[in-house]
Amino acid sequence: AGGPGGRSEAGGPGGRSEAGGPALFRLVRFWSRRWAGRASAELTGEARHVQHILVVEAVRTDPDEATVGTVAHQLGLDHSGASRMVKDAVAAGYLARDTSRQDRRRARLELTESGHELLAGSRQWQRQVFDELTASWDEDDQLRFAGYLRRLADDLGA
């Protein structure tokens with residue numbers, strides 16, 4: 001079973017990473033098309049507001065002084081695209097802008113109470129989805145997989 005010649009992908013020349021890389025990107029493609037609308041609809045009541053969740057998550061990565069540049073970096077956007085998303089999140093009440101303590105020319109971004117609530121709801125939703133996806137796994141496998149996911153995210157600075 002498996003790949004050509006009866007060899008499994010894991011047993012090929014690249015070893016486990018040969019199977020792991022394609023599997024990782026299959027999951028990314030799968031979830032990038034599906035999670036956004038569901039998460040946003042469940043958390044904000046409107047599917048088109050997924051960008052607010054993304055911005056709030058990006059801002060929380062730099063608790064000392066998040067900026068539009070932080071959001072741009074975290075979301076892989078140019079500065080103008082991130083600036084528009086930040087402006088929308090401020091207008092929706094999830095973020096507040098203030099002057100940077102380090103550079104008065106920049107704006108410092110902070111989560112508002114609504115932003116903290118959206119972040120907490122987002123985290124709860126993420127835990128629920130993880131539990132649903134791994135419901136048939138035993139607890140040791142769930143914990144091991146969760147640890148590997150955290151390790152990968154930490155190593156990437158995500």
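A salt bridge here is a side-chain nitrogen of Lys or Arg within 4 Å of a carboxyl oxygen of Asp or Glu. The model is predicted. The exercises below work through it.

**Exercise 1. The charged network**

Task: Find which residues are linked with Arg101 and Glu110 in a network of salt bridges, and state how exposed the partners are.

Solution. 

Step 1. Start with the pair itself. Arginine 101 forms a salt bridge with glutamate 110, and their closest N and O atoms are 4.0 Å apart. The cut-off is 4 Å.

Step 2. Move on from glutamate 110. Its side chain also meets that of arginine 108 in a salt bridge, at 2.2 Å from N to O.

Step 3. Complete the set. Asp98, Arg101, Arg108 and Glu110 are linked in one network of salt bridges.

Step 4. Arginine 101 has a relative accessible area of 62%, so it is exposed. Glutamate 110 is partly exposed, because its relative accessibility is 34%. Arginine 108 counts as buried, because its value is 6%.

Step 5. The structure holds eight salt bridges. Side chains of opposite charge can pair when their charged atoms come close.

**Exercise 2. A salt bridge along a helix**

Task: Explain why aspartate 141 and arginine 144 are separated by about one helical turn.

Solution. 

Step 1. Identify the contact. The side chains of aspartate 141 and arginine 144 meet in a salt bridge, 2.7 Å from N to O.

Step 2. Count along the chain. The two residues are three apart in helix H6, so about one helical turn separates them.

Step 3. Apply the helix geometry. An α-helix has 3.6 residues a turn, so residues three or four places apart point the same way.

Step 4. Aspartate 141 is partly exposed, because its relative accessibility is 32%. Arginine 144 is partly exposed too, with 42%.

**Exercise 3. An enclosed helix**

Solution. 

Step 1. Name them. The buried residues are Val50, His52, Ile53, Val55, Val56, Glu57, Ala58 and Val59.

Step 2. Zoom in on histidine 52. Its relative accessibility is 3%, so it counts as buried; the cut-off for buried is under 20%.

Step 3. List its neighbours. Leaving out residues up to four places away in sequence, histidine 52 touches Asp88, Ala89, Ala92, Tyr94 and Leu118.

Step 4. Compare with the whole protein. Of its 158 residues, 25% count as buried.

**Exercise 4. Contacts of valine 68**

Task: Determine what valine 68 touches, not counting residues up to four places away in sequence.

Solution. 

Step 1. Valine 68 is found in helix H3 (residues 68-75). It is buried, because its relative accessibility is 6%.

Step 2. List the contacts. With residues up to four places away left out, they are His79, Ala82, Ser83, Val86, Arg97 and Leu109.

Step 3. Take one of them. Histidine 79 is eleven residues from valine 68 in sequence, and their C-alpha atoms are 6.9 Å apart.

**Exercise 5. A pocket and its lining**

Task: Describe the second largest pocket and say which element gives the largest share of its lining.

Solution. 

Step 1. State the volume. The second largest pocket has about 160 Å³.

Step 2. Find the centre. Among its 14 lining residues, Asp62, Pro63, Leu109, Glu110 and Leu111 are the closest to the centre.

Step 3. Assign elements. Strand E2 (107-111) and helix H5 (113-133) each give two or more residues to the lining.

Step 4. Pick the main contributor. E2 gives the largest share, four residues.

**Exercise 6. A nonpolar surface patch**

Solution. 

Step 1. Name the members. Leu24, Phe25, Val28, Leu152 and Leu156 form the patch, with about 490 Å² of accessible area together.

Step 2. Trace the helices. H1 gives the largest share, three residues.

Step 3. Leucine 156 lies in helix H6. Its relative accessibility is 63%, so it counts as exposed.

Step 4. The protein exposes about 10500 Å², and carbon and sulfur atoms supply 52% of it.

Definitions and conventions: Residues are numbered from 1 along each chain as its sequence is written. This is a predicted model: local features need pLDDT of at least 70, side-chain atom pairs count only at pLDDT 80 or more; totals for chains, interfaces and linings use all residues. Side-chain values use heavy atoms; hydrogens and water are left out. Patches are made of residues with over 30% relative accessible area and no salt bridge: like charges are joined within 9 Å, nonpolar side chains (Val, Leu, Ile, Met, Phe, Trp, Tyr) within 5 Å. Accessible areas come from the Shrake-Rupley method with a 1.4 Å probe; for residues, only the protein chains shown count as cover. Buried means under 20% relative accessible area, exposed over 50%, partly exposed in between (1.4 Å probe, protein chains only). Contact means heavy atoms within 4.5 Å. On a 1 Å grid over the protein atoms alone, a cavity is a set of points where a 1.4 Å probe fits but cannot get out, and a pocket is an open set with protein on both sides within 12 Å along at least five of seven lines; lining residues have an atom within 4 Å of a point. Grid points are joined across faces, edges and corners, and a volume is the space filled by probe spheres set on the points.
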